[in-house]
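This report describes a structure with two chains in turn, ending with the contact between them. The sequence and the model are shown first.

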Amino acid sequence: MKKADWLIPAAAVVTAAIWYALLIFKPASSTTANAGDYGDKVVVTVSGKGYAVYSLDSETDVIIPGARGLNNHLVIHDGEANVVGAECPDKLCVHQKAISKDSEMIVCLPNEVVVEIVHGEEGDYDAVAN
Amino acid sequence: MQLQTKRLARLAVFTALAMILSWIESQLPNFFPYPGMKLGLTNLVVVFSLYGTGKSDAAFINLVRIFLSGILFGNPYSIAYSLAGGVLSFASMLAFRKTGIFSVYGVSMAGGIFHNVGQILVAVVLIHNDKIFHYMPVLIVTGCITGFFIGFLSDEVLRRIKFRG
């Protein structure tokens, strides 16, 4: 390992830190919530379009039809949202931990499904359940 | 003529090796359950051939293994992800290597980082959701770590195998 090689991990850590800081401290569009606060809504997006919004306090057990006709199984229980089953090939979304804090998300890339915790009001989603 | 045959055989063996590593990696449990976080074992073959036998060999192996492993172990979408990651990663490795100030470690770490950057860009386009950019910090760091590991392995292999084209 040459001395110059250390520039790369250093640059990577600095870039990642700045990026992370920008995500945390960016002025929230509709709320004053910060990452790490407990969120109270579970927003489900399929292919970039709002699919549904659920309350994090609810007891929800739904099948979300993802892109290309494959489903994801979302369960909200005890203030946590979790994808417990999926018809996608890699099942990465199922292995991801349950989410409950603001800005946390579970992503299923093949099905284009994003489950995200949001704090406060979200006006721009069409479908609202619960 | 003899050189051509030799090169053909070498490319075939390296591509086969890349496929085997691809398969091994596809059998490993997901240590990191997040899209894009992979060890990138196959990159070992690409880095090795970049240093051992030159960039045109490495580019050939990289492209062929992306399409072959996509067809065998993946689907059209996984090919899109690998292709974006693979091409961006390869371009960055060429650029970093050309500066002449980095060793195989630095070049491989750059490759690991830009591989993940490429994957995120495709994910944002395919999913139409820029929230995916939230993954960038963690994927930059993991790309650097896996790149270091691949750099280490490549360095060890390159020191032991002397290639004569």
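The model is predicted, and the angle is computed from its atoms. Helix H2 of chain B spans residues 43-52 and is mostly covered, with ten of its ten residues buried. Among these buried residues are Asn43(B), Ser49(B) and Gly52(B), along with Leu44(B), Phe48(B) and Tyr51(B).

Further along chain B, helix H5 (residues 104-127) packs against helix H6 (residues 136-160) at an angle of about 145°, and the axes are 6 Å apart. The crossing of H5(B) past H6(B) is right-handed. In this contact, 14 residues are nonpolar, eleven are polar and one is charged.

In chain A, strand S4 (residues 71-77) is joined to two strands. Six bridges connect strand S3 (residues 60-65) of chain A with S4(A), and the two run antiparallel. S4(A) is also antiparallel to strand S5 (residues 80-86) of chain A, again through six bridges. Asn72(A) in S4(A) stands opposite Ile64(A), and in S5(A) its bridge partner is Ala86(A).

| Hairpin | Residues between strands | Residue with positive phi | Phi |
|---|---|---|---|
| S3(A) and S4(A) | five residues | Arg68(A) | near 60° |
| S4(A) and S5(A) | two residues | Asp78(A) | about 55° |

In a regular strand, side chains alternate between the two faces of the sheet. The covered face of S4(A) holds Asn72(A), Leu74(A) and Ile76(A), while Asn71(A), His73(A), Val75(A) and His77(A) make up the uncovered one.

Confidence in chain A averages a pLDDT of 81, and 81% of the residues score at least 70. S4(A) has the highest mean, at 93, and helix H2 (residues 92-95) of chain A the lowest, at 84. For residues 122-130 of chain A the pLDDT is below 50, although this stretch has 20 contacts in the model beyond near neighbours in sequence.

Between the chains, 27 residues of chain B are in contact with 28 residues of chain A. On the chain B side, the elements giving two or more residues are H5 and H6 of chain B. H5(B) supplies the largest share, eight residues. By residue type, the side of chain B that touches chain A has 19 nonpolar, seven polar and one charged.

Methods:
Residues numbered from 1 in each chain as written. Chains lettered and ligands numbered in written order. Predicted model: local features only at pLDDT ≥ 70, side-chain atom pairs only at ≥ 80, totals over all residues. Axes fitted to C-alpha atoms, helices over the stretch in contact; angles between N-to-C directions. Helix = DSSP H or I, 4+ residues; strand = E, 2+ residues; numbered from the N terminus. Left-handed = near helix turned anticlockwise from the far one by under 90°. Nonpolar A, V, L, I, M, F, W, Y, C, P; charged D, E, K, R; others polar. Contact = placed C-beta atoms within 7 Å. pLDDT = per-residue confidence, 0-100. Buried ≥ 20, exposed ≤ 12 C-beta atoms within 10 Å, placed from the backbone. Pairing = 2+ DSSP bridges.
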